[in-house]
Amino acid sequence: MNEQTAGREEARRAREEARSASKRIDALLDIVRTGPLAAIRSSREQNHYTDKVRRIVRGEH
């Protein structure tokens, strides 16, 4: 295998590796956006705003 062919092969492998890493990152981000931790965070935020509104209504702000 000459140097040019070896360089192309190395570049192809690097592109495949980058594509694979990109897919893994996308899958991880989907889990973060939709998984159980996202539900907990959303619930916590909702509770925070609900408490804030209650304090405003009670005049405790």
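I looked up Glu9 and Arg13 and found both in helix 1, 4 residues apart, about one turn of the helix; helices here are DSSP runs of H or I with at least four residues, and strands are runs of E with at least two, numbered from the N terminus. The model is predicted, so I noted that local features need pLDDT of at least 70 and side-chain atom pairs count only at pLDDT 80 or more, while totals for chains, interfaces and linings use all residues. Residues are numbered from 1 along each chain as its sequence is written, and side-chain values use heavy atoms, with hydrogens and water left out.

Glu9 and Arg13 form a salt bridge with their closest N and O atoms 3.6 Å apart, the term meaning a side-chain nitrogen of Lys or Arg within 4 Å of a carboxyl oxygen of Asp or Glu. I then found Glu9 in a salt bridge with Arg12 as well, at 2.1 Å from N to O, and these two lie 3 residues apart in helix 1, which spans residues 3–34.

For accessibility, I take buried as under 20% relative accessible area, exposed as over 50%, and partly exposed as in between, with a 1.4 Å probe and protein chains only. Glu9 is partly exposed because its value is 25%, and Arg13 is partly exposed at 45%.

In helix 2 (residues 36–58) I looked up Asp51 and Arg54, 3 residues apart, whose salt bridge has its closest N and O atoms at 3.3 Å. Asp51 is partly exposed at 35%, and Arg54 likewise counts as partly exposed at 44%.
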